[in-house]
Every structure is written in C-alpha cells, then in structure tokens.
Amino acid sequence: MNPTETIIFELIFWGNAFLFFYVVVVYPLLSIALGKVFPKPRILDEQYHPTVTLIISAYNEEQDIRKKLENALALSYPKDKLDIVVISDASSDATDNIVLEFSSQGVKLHRMEQRGGKTVGLNAVVPEVQSEIVVFSDANAFYKHDAIEKFVRNFSDPQVGCVTGDSRYVDVKKSSSGSNEKMYWDYDRELKVGESSFGSMVGSDGAIFAIRKSLYSDLGPQDINDFVLPLRIVGQGFRCVFEKEAICEEESTVQMAQEFSRKVRVVNRSWNALWNMQYLLNPFAHGWFAVQLWSHKVLRWLSPLFLLFVFCSSLALSFSSSFFLIVFACQLLVYGLGLVAWKIESFSRAHWIFSACAYLLSINVASVLGVSKSLRGQSIIVWEPIRASTSSVNIESKSPTFISGFIFMCSLLLLGTWNFPIWSFWIGTVLLFHVYAGYPLLLNLLASVKKKPWAQSSISPSVTLLVVAYNEEEVLRQKIENCLALEYPKSQLSILVCSDGSTDRTTEILKEYQEQLSIICFPERSGKSTVIEKVVATITSEIIVFSDANTFLEMDAIEKLVRNFSDDSVGAVSGKVSLVSHATVHGEPEHWYYRYEWQIHTLESQIHSQVGVDGAMYAIRRECFPNNVGTVVNDDFYIGFQIALQGMRVVFDPDAQGRESSEGTLESEFFRKVRITSLGIKSFLDFDFWPKLSQPFLLFQLVSHKILRWFTPFFMGSVFLSSIMLIDVPFFRAMFLIQFIFYGYAILGYFLKSKAVWLALPMYFCLVNLAAGVGVVKGFLFEQTKTWDRISSRRWASQQ
C-alpha cells in the first residue's frame, strides 16, 4: 500500500470511528451536561387533574390483557376523570371477549373489523375522545399506581405538549437479550433526562406516553405513533419531556431473534416517518432540536455503516501496521463472539460479555435492515405480540449467516498475511498438546499445590438404585441379582428398574422380581432421559444411584459412593467402571484410555470438580437433580455438569467400582463415540451449559476436557495439511513423515485387526478422533433422538 492509499484509509478509519464515538459517547455526555448546566424550568402542579383517556392498543393479547385492565382500574387517578379504551386490531384470539368482561367497570372496546396497524386504530378513536389528555399504552405495559398522576402534573406547564414515562424491564434473566435491553434502556434513560432538561427529548416510548388531545393529528398507516406525534408536537413549538417517576414495567422479549425483529420494525417505520418530516432536520429552522434528531436518530441508525467502514479500513491497514492489526483483531473477536452468542442462545446466557457482543451486533444489523427496507419503499405496518411466541422468527434472523461469511473471509485474508500454513501448524500442535498433555500436566501441578480434600465418612442415607433398561434380556437377570446382593442396609436401599418400551423379554424378566424390587414398565419408548425425569419425580430418598443394565457393581460400591456425601459440598459422585475383557482388537488401548481418563477425573476432583460423570455408575443428592432432564439427549453429562454449575462438587471415587465387558466391534465402538460426541455438542447448542464468571476454572475444564477434545480431529487435520503445504522445509518434512507413519500404522491396525500395541494404539486413537469429528458435524447439522439402538455391551457413559 502506497502512502496516499494509507492516508485515505486512515482518514476513513478515524472519521468513521469518531462518528461512532460521537453517537455513542459524545452526544449523550453533551446532552446530560447541557441539561445540568442550562436546565429549562418546568412547572409541576401536583393538584392538576385534567380529564384523561387511557388508550390500550392490542392485537391477540389474551395472555396479558386481563392483567393490564386490572392494572389500569387500580390506578390512583380520580375515577371520574379517567376513561379506559381498548383498541383491538381485529384480534383473532380471546382478547375482545376478555375486554368485554370489564365493560361494567367502564372499560370500552373499539374493535377494528380488519387489521390495519396501530395508527389506523388510533385515527379512528382519538378524534372522538373528549378528555384533555390522551395516554397511550401497550397491553403488556403495567403502570405503577401513581403513573397517571405523575404524567399529568407536567401538563400544568402550558409549554409541555407531550410527556414520556419510564418503561422498565422485569425478569431480564429469563431471556438472552433481557439484561442487554435493560442496560440499553438505562443508558437511554439518562440521555432522555438530559435532552428533556435542556429542551425536548427526541421521540417517545409507545408503552407509556401522553399528549394533549388538542395536539393530535391523523397519522399515516406507515407512521409510528410514539415517534411521529412527539416530533409534530415539538414542530408546533411545544416541549416533549421525560417524567422518570411515571413508571411502567414490562417483560423483555423471550429470544434475541424476537428483539431483533422488533428493532427492524421500529427503525423501518421511524426512518420512513422522519423523512416525511425533513423540515425538522434543518438546524437553521429548529435549532438544537435538529441537532438532536441528527445525533440521536439519523446517525445512530447509520452507525452500522460507520462500524463497517472502521472494520474494512482497519483490515486494509492491518497489513502494514501493528496498531491496526490489533484493532482489527479486537473487532473480529467481538463480532465473532456476538455471532456465536446470537446463534446459540445458551452461549449468550453464559455471561453478559457474550450477550453484550450479540446485542451490539443485533441492534446494528437491525438498523441496516430497517433502513434498507425503507430505501426500497417497504414499510412494516402491523405487528405481532412477539413475547407470546417463541417459535416464529422472520427471515431477518438469518442475517448473521451472511455477516459470518463476510467475517470469515476477512479472517482468512488476515491469516493469509501471517503465513497461514505456519500458523495453522503451530496453533493445531499447541492445542493438541494442551488437550492430551498440557491439561493433565497442569492439573497435576495444581493438585500438588492446591489440593482440596473432601470428607469421606461411613453413612447410611436412604438410597434409590435406578436402572433404566431397553431390550436388556441378555444381561438383565444377572444385573438384578447383582443389585440384590449389594452390601448396603436393606432398610435404606430401594431398587427401581424401568423398562423403556422394551420389545424383547425385558419386561417379562422384570415381573419375575417384582416382589423383591420396584419396577415400572413404560409401554412406549420415550428415551432414557425422559424416563429418568418421570421416575425421579416419584423418588423421595436422599441419594439416587444411577447404573446401566450391563454394569455390575462391586458389593460395596454403594457404600463407597454415598460416603462422599458426608461432605455437604459434594453434590454428585462418579464411580470407576472397569473393562473386564481384552479379547477385542481395541480392548487393551481402550483400557489404557480409561486409565488416562480416571487419572484426569481424580485430579479434577482433588482441585474441585470433575467435568461430567460416568453414566454407567454415579450417584447424586436428590435435591440437586436439575430441571429439564427429560428434554436433553445425554442425561448423564447434563446431570453431572448442571450439578457443578449449581456450585456443588462432582467428585470421582476410584474405590466405588463396577465392571462391564468390552466386546463390541470396532464399528459399534465408532458409532457409540459418534453418538456421545454429537449428543454433547447438541447439549451446548440447546441448553445453558456455560459456567458463570464466578466459575472460571470450571469453564477452563469444560473447554480443555470436553470442547477441545471434541475438536481434536480438526486440529489433527490442520497440522497434517499444513505439514504438506510446508513440506519443502526440512522440519515440516520430518513432521509430515512422523504423521504419515503414525496414520499408516493406524490404517494397518484397522485392516489387520492386530492386537500389537504399535498398531492397535494408533488405530484406536484415530478411531475415536474420527468418530469425534463425525459427531461434531452431526451435532451441529442434525437433530438427535433421545432413544438409542441397543449395541451389545455398549456404554452410555460420556467419556469422550
């Protein structure tokens, strides 16, 4: 890049960075400062009580309308001066019937015969209103008892024509976007206070604002009433002010995609309306208010363009400047986190940083789409009560796909400037080392300096041993005999075996033992997790021990498991299930693999908690059983990790032992590991698995022990392909030959079915990692069923 091009790109970068900074920081601070230094007096007469009509716009609001009307009737404003009117925009649910139930209390219903949007309904009703003040509200906005009184006192000032109240979100933690909406509105509230103190605020809030009836004029179908009416009123020389003591509360939207769609609609209609009132943008005619309109609305809607120019110019400049390289990388990180959190709701709930990145991305993309629709002559007139639905997301929610493609291409371009093959090789190598050696070594180090022991005392709490079986006739009788012979006080032990719609002799065998244990036979298959959720609801014992039908416990296994619960910090205990047959080709390598896993579980437990449990045998406190188990596809990992997220310890007790055979084929082992990995991936996509900021080491464990382990095959592929690309360099040629020999042995081991260590070990390592790669793809792209196909001597344990 020549000096002239560098100067041009730097001007683009700094110019757009300043514009964005001005919109987000400078203008709000300037407004607040002006409001404090040069406040404009306002008359507030607490005894002023003009006649008021409260208008509630509703479409299919059966979920909220009853509560809204009860809230309106409970307002402390004089009843003889308050009328309540509901405008139904041709609702097709029970909204109208509910409103009519309140007719005896003076509530009036105006039903539109066909949908036309909120403004069409207002045009039909407001001109007929006889009161002095009109208050506009939404069906899901619930007012504080004195909200109307706080509103109308402002109208004692003849210069005030519009008053906006303070809308606040409640239950913000129920949704991935809620906390960010609250943060955004807290920020916007301070801006409204500053604007209002100095003169007039820009726009209003459709959930809670009021105007003088005499200032109302008909709205166009495409107009947005809470934006257009205040602008018109200011244009007539009146003030539009903010009343922070007139408060209403409403729930935030359930999903980020819903909030995204709402913002697209708001920007689209506001942009259309503003350009129908261009005269207000002339600072020579409307002074500071025109500056406010440009700063608060127009430039804010154009902020995505500023960010795009900053992104592209920093990319261009990153080739020759370390500063711009860092700036570009930071943007890439923010947008990348935002995309992941946007697409994966559970990730966005993990911490406010992730959800804030997603929210920043969503509101800016919404602005782009809203403005672009306006420029194409499109206007979104009608609305849906999106908080009532979680299933429908319109096409705009697919926009992250295109954004992610753009960012991905930029990332490849940037990596290309850094010599991509070299970076790919070393990043893949470092991650592989961390997964298989670095993480265990770090655990060893931490355990040696920061071991956290837990109490183990002989106790005998009430225990239920739960076994869920599907077509287990081969091993079920032996399993039941094993359970009945366990050394635990019989008065404290209940054995419950459930058949999940078995089609072989499982149910028949269970009925032979119904005098000695409890049985539940479900006629239809619903999946292990669903069965567990159903039956745990009926269990009252202090401890629940879960075990697979093909896992046989040592006589003292339950005693060893429950002794750990003498420590109140322990919420779950995982046992040690050994493989008892090495007759298969992969038997010995698999045994080594489990010994390696047991060592990691031991170290994790010594530091605090292990990640997940072994589904073949584990125990939990009944009170720690998490919600929504029936909706997951891998119950053991979900239960164990959710208990860790509760702040309880999940520990490994190597003395609580069981055994099972390892006689499946290589193919059955491969598909078992594919299923385990795909279920793990699906769990993170569908549920809230992410530790909080107060659990940083648990997050580190999750990433190191599970997530990076699942992505190991992609690291292996990256290292191998990079070695080929760099084969002219002697070092990388040697690395390629080492990998070539290793993979060659793995292929020979598979086809020769040899038990020789030098063939079986590479074969098993490659097998489990290939299965992990297939599982990752399957987990991202395909739905997973909660039922399973029986594989002889298989395991459900989530070890990979």
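This is a short tour of one chain, with a list of things to select as you go.

Before you click, know that this is a predicted model, where local features need pLDDT of at least 70, side-chain atom pairs count only at pLDDT 80 or more, and totals for chains, interfaces and linings use all residues. Residues are numbered from 1 along each chain as its sequence is written, and side-chain values use heavy atoms, with hydrogens and water left out.

**Whole chain.** Start in cartoon view: you have 26 helices and 16 strands (DSSP runs, numbered from the N terminus: helices are H or I with at least four residues, strands E with at least two). Of the 800 residues, 56% are buried (buried is under 20% relative accessible area, exposed over 50%, partly exposed in between, with a 1.4 Å probe and protein chains only).

**R111 and D96.** Select these two next: they form a salt bridge, with the closest N and O atoms 2.4 Å apart (a salt bridge is a side-chain nitrogen of Lys or Arg within 4 Å of a carboxyl oxygen of Asp or Glu). R111 sits in strand β3 (residues 107–111) and D96 in helix α3 (residues 95–100), so the pair ties together parts 15 residues apart in sequence. R111 is partly exposed at 34% relative accessibility, while D96 is buried at 10%.

**D223 and R232.** Here the closest N and O atoms of the salt bridge are 3.7 Å apart. D223 is buried, at 5% relative accessibility.

**E508 and R505.** This salt bridge has its closest N and O atoms 3.5 Å apart. E508 is partly exposed at 45%, and R505 is partly exposed at 35%.

**Last stop.** Select E46, K150, R153, E243 and E245: salt bridges with shared partners join them into one network. The whole structure has 22 salt bridges.
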